[in-house]
Amino acid sequence: MTQMTSRAIRIEQHGGPEELQLVSVVVGEPGPGEIRIRHHAVGLNFIDVYQRSGLYPMNLPQQLGMEAAGVVEAVGEGVTHLQVGDRAAYASQPPGSYCERRVMPAKCVCKLPDAISFETGAAMMLKGLTAQYLLKRTLPQGGLQPGDFVLFHAAAGGVGLIACQWAKALGLRLIGTAGSDEKCALALANGAEFAINYSKEDFLAKVKEITAGQGVKVVYDSVGKDTWDKSLDCLAPFGLMASFGNASGPVAPFAPGILGPKGSIYVTRQTLFTHIATRESTQAMADDLFAVVSSGQVKIHIAQRYPLEDVQQAHRDLEARKTTGCTVLTL
Ligand SMILES: NC(=O)c1ccc[n+]([C@@H]2O[C@H](COP(=O)([O-])OP(=O)(O)OC[C@H]3O[C@@H](n4cnc5c(N)ncnc54)[C@H](OP(=O)(O)O)[C@@H]3O)[C@@H](O)[C@H]2O)c1
């Protein structure tokens, strides 16, 4: 019997984009709780860069990628929410979505509504579920009400453009930051009420000006090292610093004592994988995402496409801040 194989992108060691190698891997049958899926498109995420570089260390060798969409080809014992032939999409551990087909846990794989294309599904699951848990579940005391100010860094990126639109739909006044005037214009066109080019403007001074000195209720910060200190000072008393990434490098250790004088502010570091730990929570969050995308309230902007074999260039462009919105790898 001939073995089923798949093209896949694997790293043998942590390092730069050159470590991403195209290989052929054998794909078997799904075990209990697993499915085999044939991808139609694969999503690119900044976490893939952290996993490749070793900022988030992994056992090696390792196939990369956390997001994709395709068709279910085989279903293992005990999987009841998916059937062979279903269109599906996911953001999921373990890494390994950079491939044509794979066997994987079914828990985080969701049926993809017919109205949503494979490319959109591949682009939006990890980033859209992240925007969902940030804006709906990562909240200051008393929650967020329409009219409240929030600051969202890297607002023209993959998660950023989704968050701009979703925040507007929720009635929030989102102040976005981005690294160029073109990116600021994109954030504004997608629902940010204000945009600050933090490569040339002092975002703390601008936030104080926009909010008449009051500060924002939440800072959603995925930039990390470069934005951390000033972001804390953008907060209103009892505000929430929601750290969820480190595109510029990890945040340095700090003493909790600094949080009192800044207004008894709160700090949290969130990861999607806690929120999608169960099938039920994954599906509830995905249903919310599917609803805002299907209704057109949130549009998924796929601004870059690269063939799977050009994944090195995709990583270079993402790290060099050359991308906007979402990026997919095509098969
Ligand atoms: N914790 C979670 O659950 C979770 C889930 C998903 C994503 N994330 C994080 O959210 C962020 C956005 O993810 P994404 O995939 O949508 O990526 P992205 O926003 O499309 O790309 C990252 C952006 O970060 C900005 N940035 C600022 N300083 C940078 C630097 N020194 N090097 C590179 N980029 C820099 C750039 O925008 P400007 O040029 O406009 O500054 C860049 O385009 C990432 O930090 C990611 O790790 C976290």
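This is a predicted model: local features need pLDDT of at least 70, side-chain atom pairs count only at pLDDT 80 or more; totals for chains, interfaces and linings use all residues.
Residues are numbered from 1 along each chain as its sequence is written.

Let's start with the overall layout. The protein chain is assigned domain 1 (5–127 + 273–330) and domain 2 (139–269), with bounds that come from an automatic or database domain assignment. Their C-alpha centres lie 27 Å apart. Where they meet, 14 residues come from domain 1 and 15 residues from domain 2; two residues are in contact if their C-beta atoms, placed from the backbone, lie within 7 Å. The side of domain 1 that touches domain 2 has six nonpolar, five polar and three charged residues. For these classes, Ala, Val, Leu, Ile, Met, Phe, Trp, Tyr, Cys and Pro count as nonpolar, Asp, Glu, Lys and Arg as charged, and the others, Gly among them, as polar.

The UniProt record, an unreviewed entry, puts "domain: Enoyl reductase (ER)" on residues 15–329. UniProt positions follow the numbering used here, feature names are shortened, and annotations may be inferred rather than shown by experiment. That span is 29% helix and 26% strand, and its end C-alpha atoms lie 20 Å apart. Helices (H or I, at least four residues) and strands (E, at least two) are DSSP runs, numbered from the N terminus.

Now for the ligand. Of the 29 residues around it, Gly-157, Gly-158, Gly-179, Ser-222 and Gly-245 come nearest; a residue counts as near if its C-beta atom, placed from the backbone, lies within 6 Å of the molecule. The elements giving two or more residues to this shell are α1 (46–53), α2 (118–137), α3 (158–169) and α9 (311–319). By class, the shell holds twelve nonpolar, twelve polar and five charged residues. Domain 1 and domain 2 each supply at least three of the shell residues.

Next, look inside. The largest nonpolar core has 101 residues, and Leu-129, Val-150, Ala-163 and Val-216 touch the most other members. Such a core is a set of buried Ala, Val, Leu, Ile, Met, Phe, Trp, Tyr and Cys residues joined through C-beta atoms within 7 Å. Helix α2 gives the largest share, eleven residues. Both domain 1 and domain 2 contribute residues, so this core lies between them. Beyond four places in sequence, Ala-163 touches Ala-131, Leu-134, Leu-135, Phe-152 and Tyr-220.

Gly-128 sits in helix α2 and counts as buried because it has 30 C-beta neighbours inside 10 Å. The cut-offs are 20 or more other C-beta atoms within 10 Å for buried, 12 or fewer for exposed, and partly exposed in between, with C-beta atoms placed from the backbone. Leaving out residues up to four places away in sequence, Gly-128 touches Ile-162 and Leu-289. Over in strand β3 (residues 34–43) you'll find Ala-41, buried with 24 C-beta neighbours inside 10 Å.

Leu-60 and Pro-61 are joined by a cis peptide bond, omega about -5°, and so are Gln-93 and Pro-94, with omega about -10°. Phe-238, in strand β13 (residues 235–243), isn't a glycine but has a positive phi near 65°. Arg-321, in the loop between α9 and β16 (326–330), also has a positive phi, of about 65°.
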